[in-house]
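Hi,

Here is the structure I promised to pass on, with my notes below it. Please have a look at it first and then read on.

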Amino acid sequence: RPVILIPGLSSSGETWDTTVARYKDRFECHVLTLAGFAGVPRIPAPMLEQVREGIAAYIRKNKLDHPAIVGHSLGGFLALDLAAHYPDLPGRLVIVDAYPFMGGVADAKATAEQARAMAAQIRGYMVAQTQDMYEGYVRSGMSTRMMVEKESDFQRIVGWGLASDRTAVTDAVVEMFSADLRDDIARIKSPTLVMGSYIGFQGATREGVEGNLRRQYAKLQGVEIQVTDKAHHFIMWDDPEWMFGHMDRFLK
């Protein structure tokens with residue numbers, strides 16, 4: 001059975017190396033690295049729309065029969081977007097720490113209009129940075145230190161960030177923050193497992209994160225939501241046995 005694995009912002013497909021090692025004997029693994037990230041050439045904006053259509057075309061071209069789609073962070077957002085636009089293409093969805101409305105993660109009461117205004121501010125800030133400033137920001141860990149527990153994993157994320165195209169990163173962040181899929185996910189037909197985290201995010205609690213996930217996914221019929229008590233954002237690295245245990249059961 002085919003499974004497509006989509007990494008997150010600025011990440012390489014190597015994000016999924018341990019996941020592939022676990023499932024390669026049971027699944028045909030198709031591992032992506034998105035345009036503009038980790039040394040892959042970027043594509044013009046709108047980036048996420050083109051990536052979504054590219055994945056749909058890939059499924060059709062390779063005659064993949066309802067592939068399971070596993071997406072982390074931005075990759076999870078793309079998996080939701082794909083399944084909402086083309087409900088008959090994917091099989092089961094595994095969404096790893098991703099939300100249909102990123103603008104509502106920090107503030108659960110945020111509106112789509114407020115999120116678009118925030119996205120415009122983000123673009124202005126990122127465009128104003130010099131390349132040296134941007135690389136300094138990536139190296140500082142301000143954007144990634146909370147994402148993972150081990151120093152070696154953190155350094156790997158930094159390396160991918162430095163190898164990513166700054167315009168592609170900006171486009172992806174702005175487009176994701178400008179989008180709101182909370183109504184769109186009602187069109188998804190795929191059984192969906194959502195795994196969330198709160199460790200490492202300042203002020204976050206299990207109750208708050210789980211409640212926000214349930215509100216954001218309220219219109220996705222039959223969605224299953226699980227929250228880890230041990231992992232940071234890269235759940236596959238910080239708490240693999242917990243994550244794989246849920247995936248084993250869900251993808252069986």
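The term salt bridge here means a side-chain nitrogen of Lys or Arg within 4 Å of a carboxyl oxygen of Asp or Glu. About one helical turn separates Arg139 and Glu135, because they are four residues apart in helix α5. Glu135 is partly exposed, at 22% relative accessible area. On that scale, buried means under 20% relative accessible area, exposed means over 50%, and partly exposed is in between (1.4 Å probe, protein chains only). Helices (H or I, at least four residues) and strands (E, at least two) are DSSP runs, numbered from the N terminus.

Some housekeeping before the rest. The model is predicted, so local features need pLDDT of at least 70 and side-chain atom pairs count only at pLDDT 80 or more, while totals for chains, interfaces and linings use all residues. Residues are numbered from 1 along each chain as its sequence is written, and side-chain values use heavy atoms, with hydrogens and water left out.

**Salt bridges**

The whole structure holds 18 salt bridges. In one of them, Arg145 meets Glu151 at 2.8 Å, N to O. Arg145 is partly exposed at 44% relative accessible area, and Glu151 is partly exposed too, at 42%. Another joins Asp183 to Lys219 at 2.4 Å, N to O. Asp183 lies in the loop between α7 and β5 (192-196) and Lys219 in the loop between α8 and β6 (224-227), so this pair ties together parts that are 36 residues apart in sequence. Lys219 is partly exposed, with a relative accessible area of 47%. There is also a network of salt bridges that links Arg22, Arg26, Glu241 and Asp248.

**Aromatic rings**

How many aromatic pairs are there? The count is four, where rings of Phe, Tyr and Trp (its six-membered ring) pair if their centres lie within 6.5 Å, and planes under 30 degrees apart count as stacked, over 60 as edge-to-face and the rest as tilted. Tyr23 and Phe244 are edge-to-face, because their ring centres are 5.9 Å apart and their planes stand at 85°. This pair links distant parts of the chain, with Tyr23 in helix α1 (residues 17-23) and Phe244 in helix α10 (residues 240-251), 221 residues apart. Both Tyr23 and Phe244 are buried. The rings of Phe234 and Trp237 are stacked, since their centres lie 4.7 Å apart with planes at 25°. Phe234 is buried at 3% relative accessible area, and Trp237 is buried at 10%. Ring pairs also join Tyr23, Phe27 and Phe244 into a cluster.

By the rule used, NZ of Lys or CZ of Arg must be within 6 Å of the ring centre and within 35 degrees of the ring normal. Likewise, the charged end of Arg92 sits over the ring of Phe250, 4.8 Å from its centre.

Happy to talk any of this through.

Best wishes
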